[in-house]
Amino acid sequence: MRKNSVKNSRINGEVMREMSEIIREELKDPRIHPMTSVMAVEVTTDLKQAKIYVSVMGDEQAKEETMLGLKKSASYARHQLAIRLNLRNTPELEYILDNSIEYGASMSKRIEEVISHDNQVRSMRGEE
């Protein structure tokens, strides 16, 4: 099975959907921040490993605690995944912090600041 095959893409999507629900509804660890989202999932072609990319909205301490809580509950989450999905193998879960949403938000803010500054300069010069 090739890495980008239809089957692999479908499995990635199913695992992503189920992991989102498991994190939101099943994991009761108080360290896991309520604003934790699964951004992407990469399951290896042999179904032995899965990289779960998660985004946490919060400060650095909330991110660290959430990642610790997720790693501590990985075996429970894997068990829940095995119950929900009928796969030949249930992959070992590896959580990776994804900062792309925060990066995008900060870049949007910077762009807005540059546009605002540019508009102020134009209005001072009498340009419109």
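**Close-up views of a predicted protein chain**

Buried residues account for 31% of the 128 residues in the protein chain. The model shown in these views is predicted.

**Figure 1. Overall fold of the protein chain.** The secondary structure consists of four helices and three strands. Read from the N terminus, the elements follow the order α-β-β-α-α-β-α. The protein chain is more spread out than a compact globule, because its radius of gyration is 20 Å, well over the 14 Å that the globule rule gives for 128 residues. The C-alpha trace spans about 70 × 40 × 20 Å along its principal axes.

**Figure 2. The open sheet of three strands.** The strands lie in the order β1-β2-β3, and their pairing is mixed. The edge strands are β1, residues 36–43, and β3, residues 92–97, each of which pairs on one side only. On average, neighbouring strands of this sheet are turned by 25° against each other, direction ignored. In a regular strand, side chains alternate between the two faces of the sheet.

**Figure 3. The hairpin of β1 and β2.** Strand β2 covers residues 49–56 and runs antiparallel to β1, to which it is joined by seven bridges. The two strands form a hairpin with five residues between them. Within the turn, Leu-47 has a positive phi of about 60°. Two of the facing positions can be located by residue: Val-38 stands opposite Val-54 in β2, and Ala-40 stands opposite Tyr-53 in β2.

**Figure 4. Strand β2 and its pairing with β3.** Six bridges connect β2 and β3, which pair in the parallel sense. Tyr-53, which stands opposite Ala-40, also stands opposite Ile-96 in β3. Is β2 largely enclosed by the rest of the structure or largely open? Six of the eight residues of β2 are buried, so this strand is largely enclosed by the rest of the structure.

Figure 5. Met-35, Met-57 and Ile-101 make a nonpolar surface patch of about 270 Å². Met-57 is located in the loop between β2 and α2, the latter comprising residues 60–72. With a relative accessible area of 38%, Met-57 is partly exposed, because a residue is called buried under 20% and exposed over 50%.

**Figure 6. A network of salt bridges.** Side chains of opposite charge can pair when their charged atoms come close. The structure holds ten salt bridges. Glu-14, Arg-17, Glu-18, Glu-21, Glu-26 and Arg-84 are linked in a network of such contacts. One of the salt bridges is formed by the side chains of Glu-18 and Arg-17, at 3.0 Å from N to O. Glu-18 is buried, with a relative accessible area of 7%, whereas Arg-17 is partly exposed at 40% relative accessibility.

**Figure 7. Two further salt bridges.** Arg-24 forms a salt bridge with Glu-25, and the closest N and O atoms of this pair are 3.6 Å apart. Arg-24 is exposed, with a relative accessible area of 57%, while Glu-25 is partly exposed, with a relative accessible area of 41%. Asp-29 forms a salt bridge with Arg-31, and here the closest N and O atoms are 2.7 Å apart. Which class does Asp-29 fall into, buried or exposed? At 17% relative accessibility, Asp-29 counts as buried. Arg-31, at 30% relative accessibility, counts as partly exposed.

Technical notes: Residues numbered from 1 in each chain as written. Predicted model: local features only at pLDDT ≥ 70, side-chain atom pairs only at ≥ 80, totals over all residues. Heavy atoms only, no water. Pairing = 2+ DSSP bridges. Axes fitted to C-alpha atoms, helices over the stretch in contact; angles between N-to-C directions. Patch = residues over 30% accessible without salt bridge, like charges linked within 9 Å, V, L, I, M, F, W, Y side chains within 5 Å. Areas by Shrake-Rupley, 256 points an atom, 1.4 Å probe, with all protein chains shown as cover. Salt bridge = Lys/Arg side-chain N within 4 Å of Asp/Glu carboxyl O. Buried < 20%, exposed > 50% of the residue type's maximum accessible area, 1.4 Å probe, protein only. Rg over C-alpha atoms; globule rule 2.2 N^0.38 Å.
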